[in-house]
Amino acid sequence: MNPIVVIGLGNPLMRDEGVGLFVVRALETRKERFPGTDFIEAGASVLGALHSMAGRTKAVFVDCAFMGEPPGTIRRFSPDEARSIKRLAGFSLHEGDLLNSIQLSRNLGECPREIVIFGIEPDAVKMGEGLSSLLSGRLPQYVAAVEAELMAELHDC
Amino acid sequence: MSKTVDIHVHHITRVEGHGNIRLRAEDGKVLQCEWQVPEAPRFFEAMVLGRSYEDIQTIVSRICGICSVTHTFAAIKAIEDAMGITVSEQCDKLRMLLHYSEQMESHSLHVGYLVAPDLLGVKSVVPLVASHPEVVKKVIKLHRIGNQWMEAIGGRMTHPVTVKPGGFASLPTEKYLRELKATLTECIPDLKAVAEVVLSLAGKLPAFERPTEYVALVDSPRAYSFYHGGIGTTDSDEIVRPQEFERVANEYVSPQSTAKWCKWHRESYMVGALARFNLNAEQLLPLAAATAKMFGLKKGCCNPYMNNVAQVVELVQVIEHSLQLIDELLTAGIKPELAKSTPREGEGAGAVEAPRGILFHRYAFDKKGNCVKANCCIPTNQNHANIQKDFEALVPQFLGESQDDIRLKMEMLVRAYDPCISCSTHFLNVEFV
C-alpha cells in the first residue's frame, strides 16, 4: 500500500456522475510519474472508500459535486471547507455521502493526515455512457489539476 | 380526546427519489398509510441493448454499489444459459466464494451502520464510534475483510472485472486462498462478538408478526443457497426454474409508486435473509445454526424486523461455507483454467440471491452475441408490496403511541428490508463554509 491514494468515485452509466472515474483512469495511464501513489476506481462504493484511504498519509478524491458553480467548474477543497447539504433518507445502504465517510474515518482514528477533494460541477447527471461534451472537453484540465497536486507532493518530499 | 397523526417522510434528491412514508390518521382511524417508491434502476436494461454478451455483466455491475457482484452473477448466469455454456467445478466454487464476499460486506454494513444506530437510539453510526468503539471497529473490520476479499477475487473493488462468460479472466493464487482462510478463521471471534451485541439489543426490535409468503433460492439438499437452485416458496412445494421467473414475480403497477410491485400466491411476498432462512434453515452449517438458536430464530418466523437477525446468522453461514470452499479448492489445487466462450443466438435467465433478496436477470442475444432484450427484476421491487402490507398491519397496532415512535417503527421496518433504492448516483452536494 502506497502512502498516497487518488480515489475516483461515481457511476460511469450516469454521464457526469462518473467524472471521477474518467480522471483516475487517465491518471493511471501515467502512474509511473507518481511513485508512492495508488489510483483507485471506487465506483459507487462511497463506504468502500473508507477502507481505501485508511492508514494512508494523503487521500485525494475526485468526484462529481453540486457546489453551486457553473457546470464544468473544478474546485479543490478540504472536507473542513465544505458542509454536506445532501439529504439522506437513511433507509438504505445505497445512498452515500463522502463527507460522512471521511468523518467516520476521522472518528476511527485511521484517516489520512491530509484529504483533498476535487469537486467537478456536472452538466448532465442522467442515464447514459460518457461525459457531457462540456466535461469531456475539460477532462485534460481536470487531470492536470490532480497531477499538479501530486507533483507538488513529490517536490515537497 | 381527538388525536391526529400526520407523518410524511419525504426524500427527493436533485436526481432521484428515495422512498417516502405517508401516514395520516384521525381519532384512531387510518386515513392514508403508504409506502411510496420511485422507479429503481430499470433504465439500465436499455443500456445493454446492442452490447456484446462478453460485456453485459460488467455494465450491469454498475447498477448498484452494494450488490454489484450479485448483478454480475445474475447476468453471467443468464448469458451462459443463453449461450449453452457450462463452467468447471473450480469456476463454480470460486464464483460462490466471490459472491460470499458481497454478502459479508453488505450484511456487516447493514447491521452495523443502519440497524445498530436504531437499536442504540442514535441517528447514524458516526456517534457510535465514541460510545461503542469496540463493536464499531469490529463491524468496520468485517466490512473491510469483505471489501478486500472482493477485490482479490473480483479484480477491482466493488465492481468486478474478472468474471467472464465461461469462467474467470484471472484466478486467485493458492497462496491468496491460504491467506483468506487464515483471515476468515481469525474473524470468527469478531463475528461472535458482534452477534452477542445484537443479541443484547434484539429485545428492542418491535414485536410484530404478519404471516406472508417467503421466496428464495432453494437447492436442497446441497446447501443453504445463495447461488444455485430454483425459486422456492413457503406457500407451496413447487420449485420454479429461473427461466420462468416472470411467473413468480408477476410484476404490476401500483398507483402509489412508479416502481413495479410483485406478487405470487398472495397479495405480496418477501425476499431477503429471512426468506432464505425460512426456506433453507435445515441446511445451515453448525456455527450458523448455533447462532440462529442463540437468537431463538426459528423457521416460520414472520416478524420482518427479524430479517436483521437472519443477516447475522447468514454472516456466520457465509464464513463457514467459504472456509469449506477454500479447503476444497486447495485440496484440488487451482488449475489454470481461463474463460472461453463462443457466441450464439439464444435467450437465458439467471437467479442469484443478493444480500437483500433474490435477483432475476433475463437477456436475449442475436447470432453475433449482441443483446436484443434485457429484463432485470430486483429484490427491492419484489419487497415493496410486502412493506405496504406490513405498514397496513403495523400501524393500527401502534397507533396509540406517540407520532415519533410510530414514525421510528415505520422507518425501522423499511430499513429491516435492507432496500436498494436510489443507488445509481453518489455525487457530493455541498455548500462552502
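Two residues are taken to be in contact if their C-beta atoms, placed from the backbone, lie within 7 Å. The structure is a predicted model, in which local features need pLDDT of at least 70 and side-chain atom pairs count only at pLDDT 80 or more, while totals for chains, interfaces and linings use all residues. Residues are numbered from 1 along each chain as its sequence is written, and chains are lettered from A and ligands numbered from 1 in the order in which they are written.

The contact between the chains draws 47 residues from chain B and 49 residues from chain A. In chain B, α1 (44–47), α4 (89–119), α5 (128–131), α6 (133–154), α13 (403–416) and β15 (428–432) each give at least two residues to the side that touches chain A. Here helices (H or I, at least four residues) and strands (E, at least two) are DSSP runs, numbered from the N terminus.

Chain B also holds an open sheet of three strands, in the order β12-β13-β14, with antiparallel pairing; strands pair if DSSP finds at least two bridges between them. Because β12 (346–354) and β14 (371–377) of chain B stand at the edges with a single partner strand each, one side of each has no neighbour in the sheet. From one strand to the next, the twist averages 15 degrees; axes are lines fitted to C-alpha atoms, for helices over the stretch in contact, and angles run from 0 to 180 degrees between N-to-C directions.

Six bridges join β13 (residues 357–365) of chain B to β14(B) in the antiparallel sense. Helix α12 (residues 379–398) of chain B packs on the sheet, touching β12, β13 and β14 of chain B.
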